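Here is a short note to read beside the model. Please keep the structure open as you go through the points.

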Amino acid sequence: MPDVSPGPLTTRAPGALSAIRVCDLSGQLAGAGATRFLAAFGAEVIRIEDPVDQGRWDIIRGGPPYVDGRQGNDLGGAFNNHNVEKLGVTLNLRTARGRELLERLVAVSDVVTENFSAGVMERLGFGYARLRELREDVVYVSNSGFGHTGPYVRYKTFGPIVQAVSGLTFLSGLPGRPPAGWGYSYMDHMGGNVMATAILAALVHRNRTGEGQWVDMACAEAAVGFTGPGLLDATVNGRPQRTAGPRHSNRDERGEWAPHGIYPAAGEDRWVALACRCDDEWRRIAELIDEPWTADFSAAAARLAEQDRLDGLVGGWTRRRGRDETVKALQAAGVPADRVATPQDRVDDDPATAGWGLWPEVEHTAMGRVRVDGVPAHLSETDWRIERGGPCLGEHNERVFCGLLGLRRDELAELAEEGVV
Amino acid sequence: MSPAGPLAGLRVVELASENAASAGKVLGDLGADVIVVEPPGGAATRAIGPFAGDRRDPEHSLWWWYYNTSKRSVTIDLAAAPDAFRELVRTADIVLEGERPGALAALGLDHPDLRHDALIWVSVTPFGRTGPRAHEEATDLTLLAGAGPVWSCGYDDHTVAPVRGGGNQAMHVAGAFAANAALVAVLHRDATGVGQHIDVSMHAALNVTTEGSSVTWLVAQQTVQRQTGRHAAVLPTTDVQVLAADGRYVTTGFPPTSATDFRVLLDWLAELGLLEEFDAHPFLEMGVERGGVDPRADLGDPLAEEIYRTGRDAMVFLATRMEAYPFFVAAQERDYQSGIVHTPDEALADPHLVARGFPVEVDHPQLGRPVTYPGAPFLMGATPWAIRRRAPLVGEHDAEVPGP
C-alpha cells in the first residue's frame, strides 16, 4: 500500500463528485462516455492505456477528425471529445510491475470501469474477486455488447451491431426500403449513459450501506429497453413486429397525427420536419399554405385516410419555399416544426445551443484550444465543468504514479526504461 | 418480493409527462419509491398508443404501461388542490417534472415556491427552462430533426427524406441525462445535505449524442453525410447491410483485412461448398499469402485494393447465400463482428437474451395474465434492477400516499 494519502490531484474548486476516484480501463465511446460524464462533475477519472500499442486498443485514439489536418496519436479529435477532464496514464499489464501498480491504483479507487470483451479482466488477473481483495467496497462496472454470460459471451460488437441485434435498426426506416438504421453509434452514447447510471446508482447504495458490487452490463439489452411500447404491442397483443406492416419511422409511434413527417425544402438536401397534432394545428398550417386543397383535410379522419396524398401536397408546398422561412412561419404559428439541422446549423447557428453553453472550449496539450460536446443538464449548485482536454498518452504518469502512489521520479524513469509505463 | 434496489429509500415525486416518464422509470426500476402524480381522470400520456387489446382507454395505453413500471399513482388537481401537491413534495427527495416552462410558476408550485434545503428538483423540457427557444412547440420528430440525429440517418439516395430513428429516443436520451444528473445531486446531498435544481434540455441532450457529427464540425468544420445502414461520414464508405437468403437483413461489420480473416473466409466458403462459385477466391488466397491488407497503408496498390474488395464481397456473398441468423452466428463464431437486424420482439426472444434472463414477466391482474417486458439494462450483483409492480391504474394509490 502507498504511504502517501490519496488526496485529490486537482487544485480547482470541488465538484459534486470530487471525492470519487475512477480507475478507468474503458475506452472507445461506450465506456469513455460514461466516465466523461463523471469527470465533468469533478470525479477524478484516471484512464489506463497500454504503452505497448500506444493506447491504440482504443481505435479512436489517433483517429479523425483533426485540427488543421494535423494527424497523430495525441491529435485525435473524437478521442479528445470523449475524454475531456480525465487524467491519462500508461501501464503495461503484461508485466508484474505494471500489474502491481494497477493493484495499488485499484486500492485507492472507488470505481473500476472497463468495456473489454468478456473474460479479458479475468485473464489480466483483475476479475471481481481480485478487485474486491484490493478494495472491498469497490464499484466495478463492465460494459460489453453481450455481457459476461450467455451463448454470445465471446461475440464482438460495436454500436451498429448492438443497434441491429436489439431492434433499434429495424425501427428506423421508410416503407419499401431496407432499414436505414442509425447513422452513428447511438448505443455507444446511450450505452455510456446507462453505464453511468449503473455507476452512480451503485455509489448511492455504497453511501448507504458501505457495500460495493459488480455490475455486468450488456449494451444489447440496454438497447432493447429503448424500444418499449412497440415491443409490448407484440407481447401483449400477439402482433409480431416483423409482420405488423411497413415501418414509416418519420410517422411511427404517433399514428393519430397527420401530417407528421419530414418534407423537402428548396435547395439541395434541405428538409423540414413538422407535426400536426390536432385540427387546430392543421387550421394554422392550412392558413400558411393558403391553397384550396387544404379544405379537404380539415378533419383528422380525412388527413389520416389519405395520409400519403396529404404528404405529397404538403411536400409540394414546402418544396417551393426556403427551409428556414417555412420553419419560422410554422413555429410562429405555434406548430411544432424544425429544420433538419446540419452540423453547422446547430453548432454555429442555433440560439438554443449557444445559450446553453453547449460547446465548451477545452485546452488540449497537443491540439490547443478545441470545442467539444457539453452536458445537457445544468445543476444550480454543482454544475458541470469542461475545461481540460483529453489526455495525451501517459500525460499524467508523474502526477498519478508519483503524486498519488508515491513513486520516486527515478523509479518512474526506471519503469519507463523497462516499458512498464 | 425482489431484493431492494440501489435507490431504496429515495422518494421521487413525478408529475406525469411525456418528457420525464422514462427518467422516472429508470429511478423506479432501481428501487426508488416513485409516486407519479396525475390529474383526476388520468394523465394525458395515457392516450398514447399502442393499446392493450386495442382498447383506447386510460388503463390500456402500452406507452403508459411501459414507462410507468414500479411507480405508484396519486391523482391531484394541481389548480384546485395545490396543498395536496405541496404536502407530497415535502416528503420527496427528488421532484421530477416535464411541465412547460412557466406552467408551475403560474400555479405557485414551481421549484422556488416549494424548495426545501435538501430537495432535488429535475425539470426536463424540450429546450430547457430558459433561453430563446424555451417556449417553442416540439415533438420527438422535430427535436430529433433540429438537434442532429436526423441529419445522420437515412439512405445513400439523398433525394429520399432523411429518417428519424423510432422509439421515442428524444425522451430516452434526455431521460438518461436527467436520471444521471439526479443521482449526481443525490451524491452531493449525501456529502453536504444540500439539494438543487436541475435543468435538462432534450434538444441539448440530442445535440451531444451524435457521435461524429458534432465533433467533426467542431474540430474540422467538415460535414458528415448520411448513408444506408451505416455511419454518416465525410467521405463515402462501402455498404455493410445485406439482404440474407430468408429476406432478413444482416450487417457485416468491419471488412476482413488480416491473413487470418482471409484464411477463415476461404475455409468457410469451402465448408459450405461455395468456394468454386465464388470465383474471385484466388484473391482471398493472395490475401493470406501477403499477410493481409491494410486499407489505409495499401491505398493505391491495385492488387491490395482488389484483395480488400474481394474480402468484403465474400462476406456479402456468404450473407446472401445463408439465412440471417445462421450467418450472424457463423460469422461471430469466426470472430467477425457482424449482426442480425432483429425486430425488438425477436431480440427479446433471442437465445442469448433469454439465457441471461433478460425478458421478465410482470403480473397484470386486470389482464388475467402476466406480460413479458424488456428486463434489466444491467445486472447488479448486490442490488438487482427489477420491475417492482406493473404501471399503476389511475389514482390506484390515492389512499396510501402521502406517508413517510
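The points below cover domains, salt bridges and backbone details.

1. Domains. Keep in mind that this is a predicted model. Chain A is assigned two stretches for domain 1, 21-224 and 357-417. Domain 2 of chain A covers 271-339. The centres of domain 1 and domain 2 of chain A are 45 Å apart, taken over C-alpha atoms.

2. Salt bridges overall. Over all chains, the search of the whole structure finds 76 salt bridges. Side chains of opposite charge can pair when their charged atoms come close. The next points take up examples.

3. A helix-to-helix pair in chain A. Glu103(A) and Arg130(A) form a salt bridge, with 3.1 Å between the closest N and O atoms. Glu103(A) sits in helix α3 (residues 96-107) and Arg130(A) in helix α5 (residues 128-134), so the bridge ties together parts 27 residues apart in sequence. Glu103(A) is partly exposed at 23% relative accessibility. Arg130(A) is partly exposed too, at 27%.

4. A strand-to-strand pair in chain B. Asp33(B) meets Arg72(B) in a salt bridge, 3.0 Å from N to O. Asp33(B) belongs to strand β2 (residues 33-38) and Arg72(B) to strand β3 (residues 71-75), so this pair ties together parts 39 residues apart in sequence. Is Arg72(B) buried or exposed? Arg72(B) is buried, because its relative accessible area is 12% and the cut-off for buried is under 20%. Asp33(B), at 23%, is partly exposed.

5. Another pair in chain B. Arg55(B) and Asp57(B) form a salt bridge, their closest N and O atoms lying 3.8 Å apart. Arg55(B) is partly exposed at 49% relative accessibility. Asp57(B) is partly exposed at 23%.

6. A network in chain A. Which residues are linked in a network of salt bridges? They are Asp110(A), Arg135(A), Asp137(A) and Arg206(A).

7. The loop between β2 and α2 of chain A. Pro65(A) lies in this loop, between β2 (44-49) and α2 (77-82). A cis peptide bond joins Pro64(A) to Pro65(A), with omega about 0 degrees. Asp68(A) is in this loop as well. Asp68(A) is not a glycine, yet its phi is positive, about 55 degrees. Asp68(A) is exposed, with a relative accessible area of 71%.

8. The loop between α9 and β7 of chain A. Pro259(A) lies here, between α9 (228-237) and β7 (260-264). The peptide bond joining Ala258(A) and Pro259(A) is cis, with omega about -5 degrees. Glu253(A) also has its place in this loop. Glu253(A) has a positive phi of about 80 degrees, though it is not a glycine. At 26% relative accessibility, Glu253(A) is partly exposed.

Key:
Residues are numbered from 1 along each chain as its sequence is written. Chains are lettered from A and ligands numbered from 1 in the order in which they are written. This is a predicted model: local features need pLDDT of at least 70, side-chain atom pairs count only at pLDDT 80 or more; totals for chains, interfaces and linings use all residues. Side-chain values use heavy atoms; hydrogens and water are left out. Domain bounds come from an automatic or database domain assignment. A salt bridge is a side-chain nitrogen of Lys or Arg within 4 Å of a carboxyl oxygen of Asp or Glu. Helices (H or I, at least four residues) and strands (E, at least two) are DSSP runs, numbered from the N terminus. Buried means under 20% relative accessible area, exposed over 50%, partly exposed in between (1.4 Å probe, protein chains only).
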